[in-house]
Amino acid sequence: MIISIPETIKEGQEITADDLNQFATEVNNISDSSIPTGTNRLNGENIRNEGIDRRNITRHEVQRVGLEKGSTGAFNNGDGIHYRFGPHDDRSPPVWYKSEWKLPSPLHLQHPENFTTLPHNLRKDLYPLRVPGYTNSNWFIVNLQPMLEDIPVEKGDKVLVTCSFAFSVFPLDTYSNNLVNSATDPYGGYETRFRLRSRVKISGSPFASSGWTTAETMPGTFRMFNTVASSNVMSGGYRWVGTQNTCTIVGYQEIERYQEYFEVYLQSYCIRSNRYDPKDAVLRIKAYNIFVKIIK
Amino acid sequence: MGFRFIKHTFEDGQVIEATKVVENMKIFAHEINGNLDRENLPLDAITNAHTQCEDGCFNEVYFQRIGLKGDDVTTAWGPSGSGAATKLSFKDFNVQYYTICERTVEVPVDSLIIVHFGCVYEWFADPDAAEAVLAGLSTSWNNHALDLGSSALITTYDNIGEFFVDFRLRINGEVVCLAPQFSFIRRRNSVSMNGVLPVAAGKSEILVEAKQYRLVSAGPGRKEIVKKSKAFYITVSAGWGNLITQIKKR
């Protein structure tokens with residue numbers, strides 16, 4: 001309902017009791033039906049363009065509304081439903097909004113049998129991922145479990161994924177000065193590659209089997225990092241300089257009919273930049289966080 | 001609703017101007033018609049999972065991979081279809097910004113444009129130009145190595161200078177994000193940029209641009225000289241990056 005000001009109130013024109021009563025009545029009606037104090041009272045009639053902005057609703061209130069939603073672990077700021085994993089650094093556990101969400105161990109590995117015990121001299125690295133040997137059949141050998149999983153979606157949803165993290169790549173024995181790669185060989189320093197993958201869960205489709213689809217790369221999310229620098233800081237000749245950097249990847253996906261849940265993965269692998277062979281590298285991913293925004 | 005200040009107070013016997021009555025009414029009307037606050041929107045009043053606002057509100061997202069044509073126009077990559085380049089090479093490019101990705105969107109009303117861009121790029125060496133800078137530079141670099149130790153390369157490193165690429169994101173000509181000086185020492189690297197700009201109704205142009213150059217030392221305490229980068233140049237591959245454009249009106 002919109003409150004109107006009587007048009008008859010003008011200079012030189014008689015103001016009647018009806019004019020004033022009309023205004024008072026409209027105001028009174030608002031208090032009866034449209035002030036959004038109850039469930040579902042907020043609608044297109046009492047929200048219009050620019051009607052509500054940050055001056056009217058503080059961030060605290062918006063987040064409070066979302067957090068009170070219950071079991072979804074999401075918060076809604078009126079612009080989309082947000083899911084967050086992290087922020088996480090390498091000295092604290094992941095922070096989650098809702099404890100009932102499944103908490104993967106920090107960057108918990110999908111194929112732990114591929115990874116060997118790390119040497120004690122890497123003890124300062126709380127969550128290192130050792131990259132095993134490269135194989136032609138599986139480039140992306142560090143395959144992380146979904147960082148956010150079972151996110152409910154529906155047809156027409158627009159999913160924006162923003163994933164940021166820091167990483168470092170070093171020879172396995174950086175601290176003990178063994179097994180490092182000589183910079184005199186033509187294989188190059190370490191190179192890491194990342195991508196976001198996603199999959200959806202289908203239900204009730206006459207055209208496709210129900211269940212999770214095969215995870216696919218989110219278009220355009222492939223990223224690479226390496227360096228050509230070497231150094232002789234260790235005895236025994238020149239060594240490749242490790243790569244330390246940060247990465248932000250934004251992915252996008254539209255949800256189609258019969259797709260009910262969404263999951264997202266961060267994947268990576270490591271090689272030497274001039275040869276597909278990681279040669280005992282340690283890739284460490286840290287300070288990671290990921291946001292998924294569902295725009296209805 | 002709490003107490004609201006009334007602009008005009010009338011007394012018995014006073015001749016009231018109609019405009020003053022209207023002004024008083026407007027205070028209430030504006031309050032009720034849109035200026036909601038905590039007094040008329042209590043904590044936890046919103047209980048729907050989402051509220052669909054009408055009256056022209058929208059939230060659209062456009063997606064494209066770089067170098068691949070959809071409904072967008074990527075003139076920097078040449079013609080569409082099979083004639084489009086799979087790589088955009090900056091070899092022998094001048095010191096100026098060149099477009100690597102673009103999009104034109106049309107919005108019906110004044111809106112907010114939010115843009116995310118990310119891509120991979122690679123540095124390559126032009127052997128002759130690199131050797132002209134320093135003997136051995138091309139061979140070393142093409143073996144994915146640049147010796148920072150005590151070899152001849154490092155002793156003359158200042159003379160080589162640095163090779164850089166700057167990236168920037170523009171909306172309607174305005175630079176909304178600048179990612180400067182990515183060095184050739186990272187042979188393969190990635191860039192991520194984000195930007196936001198309120199725009200007027202009509203067409204808006206989004207451009208992702210890159211500029212490569214060489215900085216050469218002119219001596220201690222002096223500004224570096226900007227030169228064309230001949231020895232090293234970047235390439236951007238089709239599909240290895242994306243431009244995500246969100247347009248919203250609240």
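Visitor: What does the secondary structure of chain B come to, in helices and strands?

Guide: In this predicted model, the secondary structure of chain B comes to five helices and 11 strands.

Visitor: How do you know how far the prediction for chain B can be trusted?

Guide: The predictor's confidence in each residue runs from 0 to 100, and on that scale chain B averages a pLDDT of 80, with 74% of the residues scoring at least 70. Where pLDDT is low, the predicted coordinates should not be read in detail. For the complex, the predictor gives an ipTM of 0.75 and a pTM of 0.69.

Visitor: Why is A:Arg272 called buried?

Guide: A residue is buried if 20 or more other C-beta atoms lie within 10 Å of its own, and A:Arg272, with 22 C-beta neighbours inside 10 Å, therefore counts as buried. A:Arg272 is found in strand S14 of chain A, which covers residues 259-272. A:Gly188 is 84 residues away from A:Arg272 in sequence, and yet the two lie 5.4 Å apart in space, C-alpha to C-alpha.

Visitor: What share of chain B counts as buried?

Guide: Of its 250 residues, 32% count as buried.

Visitor: Which residues have the most contacts inside the largest nonpolar core?

Guide: That core has 76 residues, and those with the most contacts inside it are A:Val159, A:Val161, A:Leu196, B:Phe117, B:Cys119 and B:Ile234. Its largest share, eight residues, comes from strand S4 of chain B, residues 111-125. Leaving aside residues up to four places away in sequence, B:Phe117 touches B:Cys101, B:Leu169, B:Met193, B:Val208 and B:Leu243.

Visitor: How do you know that S4(B) pairs with S11(B)?

Guide: Two strands pair if DSSP finds at least two bridges between them; 13 bridges join S4(B) to S11(B), and so the two count as paired, running antiparallel. Among these bridges, B:Phe117 has B:Leu243 as its partner in S11(B).

Visitor: What makes S1 and S2 of chain B partners of S11(B) as well?

Guide: The cut-off of at least two bridges applies here too. Strand S1 (residues 58-65) is joined by eight bridges to strand S11 (residues 232-249), and the two run antiparallel; in S11(B), B:Asn242 is the bridge partner of B:Arg65. Strand S2 (residues 87-89) is joined to S11(B) by three bridges, again antiparallel, and here the bridge partner of B:Lys87 is B:Ser237. Both counts reach the cut-off, and therefore both strands pair with S11(B).

Note on methods
Residues numbered from 1 in each chain as written. Chains lettered and ligands numbered in written order. Predicted model: local features only at pLDDT ≥ 70, side-chain atom pairs only at ≥ 80, totals over all residues. Helix = DSSP H or I, 4+ residues; strand = E, 2+ residues; numbered from the N terminus. Buried ≥ 20, exposed ≤ 12 C-beta atoms within 10 Å, placed from the backbone. Core = buried A, V, L, I, M, F, W, Y, C linked by C-beta atoms within 7 Å. Contact = placed C-beta atoms within 7 Å.
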